[in-house]
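Hello,

Here is the structure I promised to pass on to you. Please have a look at it first, and then read my notes below.

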Amino acid sequence: MNTKITVLLIEDDKSISGFITTSLESNGYRVTSALSGREGLSLSASLCPDVILLDLGLPDIDGCEILKQLRSWSSVPIIVISARSKEQDKVSALDLGADDYITKPFGTAELMARIRTSLRHRHPVSPDRIYRALDLEINFEKRLIRLAGREIHLTQIEYQLLTLLAENSGRVLTYSYLMNAIWGPYMDSNNQILRVNMANIRRKIEKNPAQPQYVFTEIGIGYRMLENESS
Ligand code: CA
């Protein structure tokens with residue numbers, strides 16, 4: 001029986017590729033590495049990996065173009081690993097459908113944690129559909145939110161926003177993704193309404209809204225909710 005998780009690593013830098021491969025293999029993953037974009041695209045289709053790690057700066061095809069092509073036919077989790085650390089680069093990659101983004105250099109433990117998160121999202125949500133972390137519990141079926149056992153009341157929009165983040169906990173959702181998902185494509189692109197709703201949610205669920213424990217701001221990019229402990 002071979003149930004190893006297969007990782008496709010698309011990275012042209014041989015020393016980084018070697019380092020990641022060694023760390024992943026010693027953690028029980030099977031790794032196939034592609035040293036160019038073209039090779040990466042063809043292996044994505046032939047190998048059907050469980051997760052793809054994608055460098056953006058590739059010699060033949062830009063990583064963003066690879067993301068676009070992959071997302072036209074595949075929903076495989078894709079984690080971008082890149083030296084590009086500008087907010088705009090992260091936003092573009094996440095908006096093109098990357099599940100996560102790690103800036104080089106990064107530690108092995110962080111990479112492993114991000115891979116585990118991305119794989120969890122591949123699986124269907126648990127049947128009882130509960131989000132639980134620290135003192136916060138969201139029951140999606142019953143549309144019930146409790147903080148340390150006490151029921152919290154949110155407006156319709158606040159509820160939609162919080163549950164969208166909770167269903168994607170551990171991942172950054174960009175401002176434009178959230179704006180689109182909740183207010184639709186015709187809302188004007190200024191994020192004011194999003195920030196107001198987030199401030200209201202934080203007043204209701206955070207002990208100290210200025211130092212949130214549940215919903216974190218990724219400045220210039222979006223929001224990330226604390227990982228669900230019950231999934
Ligand atoms: Ca590179």
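**The sheet and its helix**

Let me start with the open sheet: four strands are arranged in the order β6-β7-β8-β9, and their pairing is antiparallel. The edges are taken by β6 (130-133) and β9 (150-151), and each of these has a single partner strand, so one side of each is left without a neighbour in the sheet. Keep in mind as you read on that this is a predicted model.

Inside the sheet, strand β7 (residues 136-139) and strand β8 (residues 144-147) run antiparallel and are joined by 4 bridges. If you want a pair to click on, asparagine 139 has leucine 144 in β8 as its bridge partner. You will also see helix α6 (residues 156-167), which lies across β6, β7 and β8 and runs at about 100° to β7.

**The calcium ion**

Which residues coordinate the calcium ion? The donors come from Asp12 (OD), Asp55 (OD) and Gly57 (O), at 2.2 to 2.4 Å. Along the chain, these donors follow the spacing D-x42-D-x1-G. Distant parts of the chain are linked here: aspartate 12 sits in the loop between β1 (6-10) and α1 (14-26), while glycine 57 sits in the loop between β3 (51-55) and α3 (63-71), 45 residues apart.

How accessible are these two residues? Aspartate 12 is partly exposed, its relative accessible area being 30%. Glycine 57 is partly exposed as well, with a value of 38%.

**Isoleucine 61**

The loop between β3 and α3 also holds isoleucine 61. Is this residue buried or exposed? Its relative accessibility is 12%, and because buried means under 20%, isoleucine 61 counts as buried. Setting aside neighbours within four places in sequence, isoleucine 61 is in contact with Gly37, Arg38, Leu41 and Ile66.

**Confidence**

The chain has a mean pLDDT of 90, and 95% of its residues reach 70 or more. Among the elements of the chain, β3 has the highest mean pLDDT (97), whereas helix α7 (residues 175-183) has the lowest (86).

Happy browsing, and best wishes

Conventions. Residues numbered from 1 in each chain as written. Predicted model: local features only at pLDDT ≥ 70, side-chain atom pairs only at ≥ 80, totals over all residues. Heavy atoms only, no water. Donors = N, O, S within 2.8 Å, 3.2 Å for Na, K, Ca; no water. Helix = DSSP H or I, 4+ residues; strand = E, 2+ residues; numbered from the N terminus. Buried < 20%, exposed > 50% of the residue type's maximum accessible area, 1.4 Å probe, protein only. Pairing = 2+ DSSP bridges. Contact = heavy atoms within 4.5 Å. Axes fitted to C-alpha atoms, helices over the stretch in contact; angles between N-to-C directions. pLDDT = per-residue confidence, 0-100.
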